[in-house]
Amino acid sequence: MTRYTLYSGLYRFFNGVVLLLLNWHIASSQGGGYDALAISTALSFVPAVFVPPLIRFCPIAGGARMTAAGLAGVSLTLLLIAAGYDHVHVVVALNFVLWIFFFFLESTWEVWFNDEASGLDNVVLRKHSSLTMTVNQVALMVGPLFAPLFTRAIRAEGVVVVCAVLFAAVAVMSLGSHRTAAATEQTLQEADPKSQGSLSVLYLLAFMLVWPVLGTFNLMLPLQALSNGRSMLTVGIMDMFLGIGMAVAGTFLHRLTKSLGSWVLVGAAVAVAGAMALWFSVPGFGAPQMVAIFALGCAFGSMRVVLRAEAASAFSPRQVGAIVANANASSLVLLAAVLAGGRYFSSHIWLAPFALTLLLVLVFQGIRKVQSSRLISIEVSE
């Protein structure tokens, strides 16, 4: 698990640098703005449709090697983006290709995590989930903060080239992991998550909300900054507060050894509602927004930790990979609807990640109810 934690953390760091550079470039360059960034964000989710069959029929065995293949694709695409960096439309088009590999990696990282987690009990599993999620979020929050600092030393396209090389280095290092859980040798029929019925549908809905939360957050940050006359460094700092909140949530949950209970869901809902109220009462893009984003990070981060840990205990690695891939593909429709509506209330587009996080809490409450009813049924049958 140590190798997984280190490499996934490096990936998130470089990912944070690249995402902020590209989003800021698209939003601020001539020919960019809301429409260009919204189209780029929507197109970035289209590749998710291709990922489920890629994951299901991938000939590469093991999450580590699947991840290495995805990282190699990211590296090559970034080199092409650097070559056409001065042309916004070229960047938008190649961003589409880049996200094919990003979504593939979102599933392969989960497969690798489940390979490593195979055989662990729920308490240890939740601790590993919290620890790896915390490391990833710290890395993801530091990346955007470093992006504007890197561009002060070298041109933005040069930073993209450096990130491409570093992604390639992580790919090579990932090949050193030979851990493959026995569950990955399942037949396609055994790996089908549909065998879990309504529970798999609810997990699908929950994972379907994860990327739209992040997508709308990354969309609204540069737009809010530009409308308030702020710089890319401000965006990096705001992004950092989301990461800090997620890291705090992961660190806190990492210390728990007993059942989390419904109070986690209540706390997440209260944090998001309070953050929205604060932003409404003190509009702008300053200290109140930092507090609101921190609260959003705490709520969203806690939900991701619990969702990931409980999915790993309820499904096999291949099933989790299939659920995440299908959820990411389905999230395109949801994100497209939000972005289309946001065109008419762009000044309030900041509401989107908060509202979607509340929906995530409600869906997970449904998961808890189904799990409780199944547990009661098992106890009665015994």
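This is a predicted model: local features need pLDDT of at least 70, side-chain atom pairs count only at pLDDT 80 or more; totals for chains, interfaces and linings use all residues.
From the N terminus on, the elements of this protein run α-α-α-α-α-α-α-α-α-α-α-α-α. Of the 382 residues, 56% are buried. The accessible surface comes to about 15100 Å², and carbon and sulfur atoms account for 68% of that surface. Among contacts between residues at least 6 apart in sequence, 88% join residues at least 24 apart.

Now let's look at how helices pack. Two packed helices are described by the angle between their axes and the distance between the axes. Here are two pairs to explore in the structure above.

| Helix pair | Angle | Axis distance |
|---|---|---|
| α4 (residues 63–83) and α5 (residues 88–117) | roughly 165 degrees | within 8 Å |
| α1 (residues 2–28) and α8 (residues 198–227) | about 50 degrees | 10 Å |

Take α4 and α5, which cross at roughly 165 degrees. An angle over 145 degrees counts as roughly antiparallel, so α4 and α5 are roughly antiparallel to each other. Their crossing is left-handed. The residues of this contact divide into 18 nonpolar, seven polar and one charged.

Next come α1 and α8, packed at an angle of about 50 degrees, which makes α1 oblique to α8. The crossing of α1 with α8 is right-handed. On the α1 side, the contact is made by Leu19, Asn23, Trp24, Ala27 and Ser28, while α8 brings Asn218, Pro222, Ala225 and Leu226. By class, this contact has six nonpolar, three polar and no charged residues.

Key. Residues are numbered from 1 along each chain as its sequence is written. Side-chain values use heavy atoms; hydrogens and water are left out. Axes are lines fitted to C-alpha atoms, for helices over the stretch in contact, and angles run from 0 to 180 degrees between N-to-C directions. Helices (H or I, at least four residues) and strands (E, at least two) are DSSP runs, numbered from the N terminus. Angles under 35 degrees count as roughly parallel, over 145 as roughly antiparallel, 65 to 115 as roughly perpendicular and the rest as oblique. A crossing is left-handed if the near helix is turned anticlockwise from the far one by less than a right angle, and right-handed if clockwise. Ala, Val, Leu, Ile, Met, Phe, Trp, Tyr, Cys and Pro count as nonpolar, Asp, Glu, Lys and Arg as charged, and the others, Gly among them, as polar. Buried means under 20% relative accessible area, exposed over 50%, partly exposed in between (1.4 Å probe, protein chains only). Contact means heavy atoms within 4.5 Å. Accessible areas come from the Shrake-Rupley method with a 1.4 Å probe; for residues, only the protein chains shown count as cover.
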